[in-house]
Amino acid sequence: MSDSITSMLQENRLFEPSEHFRTHIGPIAVPDLKTYHEMYRKSIDDPGGFWGEIAKDFDWYQPWEKVVEWNLPDAKWFVGGTTNVCANCVDRQIKRGHGDELAILWEGEPCSPDPEIRRLTYLDLLREVSQTANALKSMGVKRGDVVTIYMGMVPELAIAMLACARIGAPHSVIFGGFASPAIVDRVQDAQSKIIITCDGSWRRGQIVALKKNVDDACEKLPEVKNVLVVRRTQSPITMHAGRDHWWHDLVPTQSPECPCEEMNSEDLLFLLYTSGSTGKPKGICHTTAGYMIYTAQTARVTFNLVPKHNHVFFCTADIGWITGHSYIVYGMLPNRVPTIMYEGAPNFPAEDRFWSMVARHKVTHFYTAPTAIRAFMKWGDEHPRKHDLSSLLLLGTVGEPINPEAWIWYHQNIGQSRCPIVDTMWQTETGGHIITPLPGCTPTVPGSCTLPAFGIDAAVVNEKGEELPANHGGLLVIRRPWPGMLRGIHGDRARFIETYWTKVPGMYIAGDGARRDERGYFWIMGRIDDVINVSGHRLGTMEVESALVSHPAVVEAAVVGIPHEIKGTGIAAFVTLSPHFKGATDDSLRKQLMEHVTKEIGPIARPDMIRFTMLLPKTRSGKIMRRLLRDIAVGKESTQDTTTLEDFNALAKLRESDE
Ligand code: WT7
């Protein structure tokens, strides 16, 4: 058991709801635990009544006939209703007289002498989104066509997403840190014919060559007929006549009027690819009404958003991940609370980038990942201390279990011991938060994500689906549908059923191990499949293995997660080399392989450690003994750098019974 898990098991410091928060936030959405329990009961016993009431607050063309239809594993929400997500994010605020209010605040890199800032009101958004939507139409995009978006964190990214939603074209956003082979896979799987990108993107003073990656990908993608390019870095790029269009040529000349498509509740809103336990990423499907209502409602309750209370919400995620989709864009705009998008990195131009942003923009809500918090700790307390953080009311974390040391540091140094911390547990598949404290309401314990969100019938069970007693580790499941749940894996019904609905029949399985304590609080123990969580980003070990074996020197590879001080989990790779491969020393080959993985997947997949071995240890049935490899990687078994067949055989025999 890792040290951080051991320390979590012993953690029982309780933090009561903050008085400072309760007096400064505005009305409290859920004022006490008793109210929480009553509302939670209702949300489980009468989902139709509970969600129907919330849905009334949105703009519909046709009202729904039935709130939920559950035909395991298929759920339909707000059946028969028609709406448009962009209309609820943008037009609705204007109709109610808030057109001039700030919707999105963007801060770019480079930051010197001063950062570049853009402020978009709802009226600005309406104009730019409508023109972009018309530009998409001019390139032949129709309702139902998937639009691929591979961009840096510029305002045009959010604008492009909303433009897609406006005309009913599902988007598929690919994180700008992925390499070109990742674009090829995703574009092919989604059968997308258009890509929106940027010439490049700024990160730590360097340019990420987004357009070049798209060009490389397009060599294998004859189906891509149009590429729309935002100019950001002015870097020299090649524009392919007939295929490539500059955003600044095409978009501003379009009409600023574009009616919203009337979408059915269950029409696809977007695809977002995420890693699973096979080499091929899966396109998670989210649909219109359920996702919209679930993200907006969880954002409102978990972060206690109150329009017109001078709230400014800063989520540090990239929009290329679900966190950015849900809590920079779709969950925030319907709540009419300004949302910040930033370009760059937390330690450029200096390690105080976020704290200078908090002070500059009077941020009230700050939402980041444990891996970032551990980096802040390492960089030192002096960075936050340089800035006025008194505007902060609430802190959040997401992405992986937070170790209590990081929680306490965050609480004291950023929250100045007055801000509640919401440790929000959720997944790409869940659309929004599924287990989280409610600020001003739920007492918190460092390392626990506490209690289920409304409508989430979460439990810890064994493989038969039987609920386990307090403090017994088991599988995290959800036993009933919720509005934000995934509706499928794009083009792969069998994998959808196999991944989520088979291991414990009749229940959604999250893929995480968990336990509940005597208070009923949930503690997430980490993934139970071949997925590792590197810096809060999900990676399949098989994806990294296939990248490694695509190098000519490699015959076989096995990848395991190992504890890492900052990343939470680091990547260790065991590699057997081809006997025909000669001419590189171990060290230079190691570097080559690390580079190769970066080129195949992206920098997040770069192994932290590569070991060469003559053979991989396998059980008699041929399964790689991952636990043994993990022990070797963390140094629990003594082996030389190049492990020999005999060493492994001996170890494998010793350990085979454990696997
Ligand atoms: C996996 C989902 C949802 C946004 C970011 C990641 C882990 C996420 C927590 C948390 C413990 C967490 C789980 C989950 N995870 N949040 N608060 N406490 N674990 O999304 O890439 O879909 O990954 O991240 O293991 O299954 P994702």
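This is a predicted model: local features need pLDDT of at least 70, side-chain atom pairs count only at pLDDT 80 or more; totals for chains, interfaces and linings use all residues.
D530 sits in the loop between β25 and β26 (531–534). Leaving out residues up to four places away in sequence, D530 touches G276, S277, L539, G540, T541 and R626. E351 is another matter: 179 residues separate it from D530 in sequence, and the two C-alpha atoms are 34 Å apart.

**Confidence**

The protein chain averages a pLDDT of 93. A score of at least 70 is reached by 95% of the residues. Helix α7 (residues 155–167) has the highest confidence, at 99. Helix α21 (residues 645–655) has the lowest, at a mean of 55.

**The ligand**

There are 17 residues around the ligand. D423, T424, T428, D512 and R527 come nearest. By class, this shell has 6 nonpolar, 6 polar and 5 charged residues. Three elements each supply at least two residues of the shell: α12, β20 (421–424) and β25 (522–527).

| Residue | Protein side | Ligand atom | Distance |
|---|---|---|---|
| T424 | backbone N or O atom | nitrogen | 2.8 Å |
| Q427 | side-chain N or O atom | oxygen | 2.9 Å |
| R538 | polar side-chain atom | oxygen | 2.8 Å |

How much of the ligand does the protein bury? Taken alone, the ligand exposes 560 Å², and the protein buries 96% of that.

Helix α12 covers residues 322–330, and H325 is part of it. H325 counts as buried because its relative accessibility is 0%. Its side chain makes polar contacts with backbone atoms. The backbone oxygen of I319 is reached at 2.8 Å. The backbone oxygen of W321 lies 3.2 Å from a polar atom of the H325 side chain. Beyond its neighbours within four places in sequence, H325 is in contact with M161, H171, V173, F270, L272, Y291, I319, Y330 and G331.

T295 belongs to helix α11 (residues 288–302). T295 is also at 0% relative accessibility, so it counts as buried. Apart from residues up to four places away in sequence, T295 touches S326, Y327, Y330, G331 and G431.

Helix α13 (residues 353–361) is mostly covered, with 7 of its 9 residues buried. These are R353, F354, W355, S356, M357, V358 and H361. Just after α13, K362 takes a positive phi of about 50°.

Helix α20 (residues 626–633) is mostly covered as well: 6 of its 8 residues are buried. The buried residues are R626, L628, L629, D631, I632 and A633. R626 is also a contact of D530. Just after α20, G635 has a positive phi of about 85°.

**Loops and backbone angles**

P281 lies in the loop between β14 (268–274) and β15 (282–287). Is P281 buried or exposed? P281 is buried, because its relative accessible area of 8% is under 20%. Leaving aside neighbours within four places in sequence, P281 is in contact with R186, Y273, T274, R495 and E543. P281 and D189 are 92 residues apart in sequence, yet 9.5 Å apart in space, C-alpha to C-alpha.

Most residues other than glycine have a negative phi, and most peptide bonds are trans. Some places here depart from that pattern.

The peptide bond from L72 to P73 is cis, with omega near 0°. P73 is in the loop between β1 (66–71) and β2 (74–79). The bond from F348 to P349 is cis too, again with omega near 0°. P349 lies in the loop between β17 (339–342) and α13.

R204 has a positive phi, near 50°. Its place is the loop between β9 (201–203) and β10 (206–208). R204 counts as partly exposed because its relative accessibility is 37%. S535 also has a positive phi near 50°. S535 is found in the loop between β26 and β27 (537–540).

Key:
Residues are numbered from 1 along each chain as its sequence is written. Side-chain values use heavy atoms; hydrogens and water are left out. pLDDT is the predictor's confidence in each residue, from 0 to 100. Helices (H or I, at least four residues) and strands (E, at least two) are DSSP runs, numbered from the N terminus. Buried means under 20% relative accessible area, exposed over 50%, partly exposed in between (1.4 Å probe, protein chains only). A polar contact is a pair of N or O atoms within 3.5 Å; within protein, one must be able to donate a hydrogen and the other to accept it, and residues adjacent in sequence count only if both atoms are side-chain atoms. Contact means heavy atoms within 4.5 Å. A residue is near a molecule or strand if one of its heavy atoms lies within 4 Å of it. Accessible areas come from the Shrake-Rupley method with a 1.4 Å probe; for residues, only the protein chains shown count as cover. Ala, Val, Leu, Ile, Met, Phe, Trp, Tyr, Cys and Pro count as nonpolar, Asp, Glu, Lys and Arg as charged, and the others, Gly among them, as polar.
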